[in-house]
Structures are given as structure tokens and as C-alpha cells.
Amino acid sequence: VLACGDADEVIISKAVTANGDQWNEYFTVTGIELCGFTVELQIFNRWGAKIYESNDYQNNWNGFAHSSSIGKSDKVPTGTYYYIINLKDSGLKPFAGPIYVGTK
């Protein structure tokens, strides 16, 4: 039996290392696939600048920066970033925490 209203069932990535080795390639939110929730995701750098946002996240962020990236790279620099996840219509409080991104 799936406990769709239980925050302990939500599994959130701790690291993204998009280097082609098939491990930690994407930031993922799992444990809720059968619940029908819409995942709203925001990712911020250490200065609080929003670098990624999705109102219907599909576990497909791999360090790509929509904005606020440094230089000409399309990937964010290696470091710690912060996420806010809202599971729309779940009744759960938003989740927030750090995520390590290794892009080299």
C-alpha cells in the first residue's frame, strides 16, 4: 500500500554528477510516482539566485542552468545548491535542502 500523504515516502537526490557514468545523472524526486502529484521545483545557488525552475518537474535536471550560470558554460559550477520542492495537491509541506552538483 502506497502512503501518498507520508513525507517519509518521498526520496530526494542528495547529489548530481552528470558525467555519463549512469549514477546520479539527474536530480530526482521519487517514491511518489503513483500518487499523481505535480512536482514544482526551484533550485538556487549559494547566493540565492534561482538557476532552475519547473512547475511540472520530470526528474530531468542534470546541472543545466537556465539563468545565472557563470561564463559560457551551460552547466552550473561544481558546488552546493539548494532546492525547494512543492508537491502540488499532496497536502504536504514544501521540502527544502541542499544538493551537491558535480559538473566536471
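The accessible surface of the protein chain comes to about 6,400 Å², and carbon and sulfur atoms account for 51% of that area. The model is a predicted one. Of the chain's 104 residues, 35% count as buried. The secondary structure consists of 7 strands and 0 helices.

**Overall layout**

- Along the sequence the elements follow the pattern β-β-β-β-β-β-β.
- Taking contacts between residues at least 6 apart in sequence, 48% join residues that are at least 24 apart.

**Strand pairing around β4**

- β4 and β6 run antiparallel and are joined by 7 bridges.
- β4 also pairs with β5 in the antiparallel sense, over 4 bridges.
- F44 takes part in both pairings: its bridge partner in β6 is Y82, and its bridge partner in β5 is K50.
- The β4 and β5 strands form a hairpin with 5 residues between them.
- G48 lies in the turn of this hairpin and has a positive phi of about 90°.

**Nonpolar core**

- The largest nonpolar core has 25 residues, and the members that touch the most other members are F27, Y83, I85 and L87.
- β4 (38-44), β5 (50-54), β6 and β7 each supply at least two residues of this core.
- β6 gives the largest share of the core, with 4 residues.
- Leaving aside residues up to four places away in sequence, I85 touches I12, F27, V29, V39, E40, L41, P94 and F95.
- One of these contacts of I85, F27, is also listed with I85 among the core members that touch the most others.

- N24 is not a glycine, yet has a positive phi of about 55°.
- N24 sits in the loop between β2 (15-16) and β3 (29-30).
- The relative accessible area of N24 is 43%, so this residue counts as partly exposed.
- D89 is likewise not a glycine and has a positive phi of about 65°.
- The loop that holds D89 lies between β6 (79-88) and β7 (95-101).
- With a relative accessible area of 71%, against a cut-off of over 50%, D89 is exposed.

Terms used:
Residues numbered from 1 in each chain as written. Predicted model: local features only at pLDDT ≥ 70, side-chain atom pairs only at ≥ 80, totals over all residues. Heavy atoms only, no water. Buried < 20%, exposed > 50% of the residue type's maximum accessible area, 1.4 Å probe, protein only. Contact = heavy atoms within 4.5 Å. Areas by Shrake-Rupley, 256 points an atom, 1.4 Å probe, with all protein chains shown as cover. Core = buried A, V, L, I, M, F, W, Y, C linked by side-chain atoms within 4.5 Å. Pairing = 2+ DSSP bridges.
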